[in-house]
Amino acid sequence: MRFIVVSLFAVALLSNVWFWYKLELPKIQAASLNQYTCSIAGVDRGDTFNVLVMMPTLAIDFAETLCNVLTHQSDYSQVKITWRERALPSVKELLTSEYDLLWNRAYVINGLISNIDDLYTKLGDSPGYGSYWVSTNKKFPLSSTELMPLSIGLYDNQMSRAGYLLPIRNLTEMVGDIEQLDICYYPSYQKLHDALMREEVDLIATFDKLFLEANQDQINSQIISQNIPIGAWFLNKQLRDNNELICKIANSLSIFSSIKFDLANYPKGCASD
């Protein structure tokens, strides 16, 4: 009798499990960690204005700025910005004009597609940036002898010019074999900055002037290299005759500081040096 009861219970349990297994539950879409979308006020229907950038810095602010200035641009109902740190747009994405506006290094975009000028118009270049040595407990300049016992923090990305390539070249010039040095690698600039402020390392390399300015009373710094080209802005050529839209994009790009515009690609009076 006991065996029969247990068997019936097991059958009921398995039936219940099978019911929930077969039940079609609504699928939950996980929000992407590298995208942000905002709605354009006053526009109920329309296309999405798609933007691709190389890093998350100011990406959300830029999207919100575009949503504000495109309020009366009836072709669009929302702005979606995607950031891929140091990742390339695919050839397919470029050929199908998936993005209305994109930001990447000009030589990278030109290298992907030979006829890129048939697909995108270069609007302008972002201002160059610098690479800096920063320390909380050492004063610059440092000699090779002073450098040897120090713990050095670098960005763990071999494609990064400011956080890896230029500092490695500078260290090699100073000491020759960098295997002699105590170098720690960090997965992000934020972790690199945190390590320095906690004094886990004596010295780091960074490009972040905001970090330098915010901590200027606690740190010393020295330039490694300056005027490093950061990237250019490209507009989908299907939009090149939309003067109103181009002007609004130009105004929004001011959030990234002094963009050097290619004035020939702008309506007169829309942008300035």
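Let me start with helix H2, residues 59-69, and helix H9, residues 243-252, in this predicted model. The two pack at an angle of about 140°, and their axes are 9 Å apart. Those are the terms in general use, since two packed helices are described by the angle between their axes and the distance between the axes. The roughly antiparallel class takes angles over 145 degrees, so H2 and H9 count as oblique to each other. The crossing in which H2 passes H9 is right-handed.

Which residues make that contact? From H2 they are Phe 62, Thr 65, Leu 66 and Val 69. H9 supplies Lys 248, Ile 249 and Ser 252. Sorted by class, the contact of H2 with H9 has four nonpolar residues, two polar and one charged.

Next, the sheet. Five strands form an open sheet with mixed pairing, and the order is E8-E7-E9-E6-E10. Which strands stand at the edges? They are E8, residues 182-186, and E10, residues 220-228. Each has a single partner strand, so one side of each is left without a neighbour in the sheet. From one strand to the next, the twist averages 20°.

Within this sheet, take E7, residues 151-155, and E9, residues 203-206. These strands run parallel and are joined by two bridges. Opposite Ile 152 stands Leu 203, in E9.

Now the helices that lie across the strands. Helix H6, residues 161-175, lies across E6, E7, E8, E9 and E10. Relative to E6, which is residues 129-135, H6 runs at about 65°. Helix H7, residues 189-197, lies across E6, E7, E8 and E9. The angle of H7 to E9 is about 150°.

On to aromatic pairs. How many does the structure hold? There are seven. One of them is Phe 49 with Tyr 76, an edge-to-face pair at 5.2 Å centre to centre, with 90° between the planes. Phe 49 is in strand E2, residues 47-53, and Tyr 76 is in strand E3, residues 76-83, so the pair ties together parts that are 27 residues apart in sequence.

Last, two points about the backbone. As background, most residues other than glycine have a negative phi, and most peptide bonds are trans. The peptide bond from Phe 140 to Pro 141 is cis, with omega near 0°. Pro 141 sits in the loop between E6 and helix H5, residues 144-147. The other point is Ser 97, which is not a glycine but has a positive phi of about 50°. Where is Ser 97 placed? Its place is in the loop between helix H3, residues 91-95, and strand E4, residues 101-104.

Methods:
Residues are numbered from 1 along each chain as its sequence is written. This is a predicted model: local features need pLDDT of at least 70, side-chain atom pairs count only at pLDDT 80 or more; totals for chains, interfaces and linings use all residues. Side-chain values use heavy atoms; hydrogens and water are left out. Axes are lines fitted to C-alpha atoms, for helices over the stretch in contact, and angles run from 0 to 180 degrees between N-to-C directions. Helices (H or I, at least four residues) and strands (E, at least two) are DSSP runs, numbered from the N terminus. Angles under 35 degrees count as roughly parallel, over 145 as roughly antiparallel, 65 to 115 as roughly perpendicular and the rest as oblique. A crossing is left-handed if the near helix is turned anticlockwise from the far one by less than a right angle, and right-handed if clockwise. Contact means heavy atoms within 4.5 Å. Ala, Val, Leu, Ile, Met, Phe, Trp, Tyr, Cys and Pro count as nonpolar, Asp, Glu, Lys and Arg as charged, and the others, Gly among them, as polar. Two strands pair if DSSP finds at least two bridges between them. Rings of Phe, Tyr and Trp (its six-membered ring) pair if their centres lie within 6.5 Å; planes under 30 degrees apart count as stacked, over 60 as edge-to-face and the rest as tilted.
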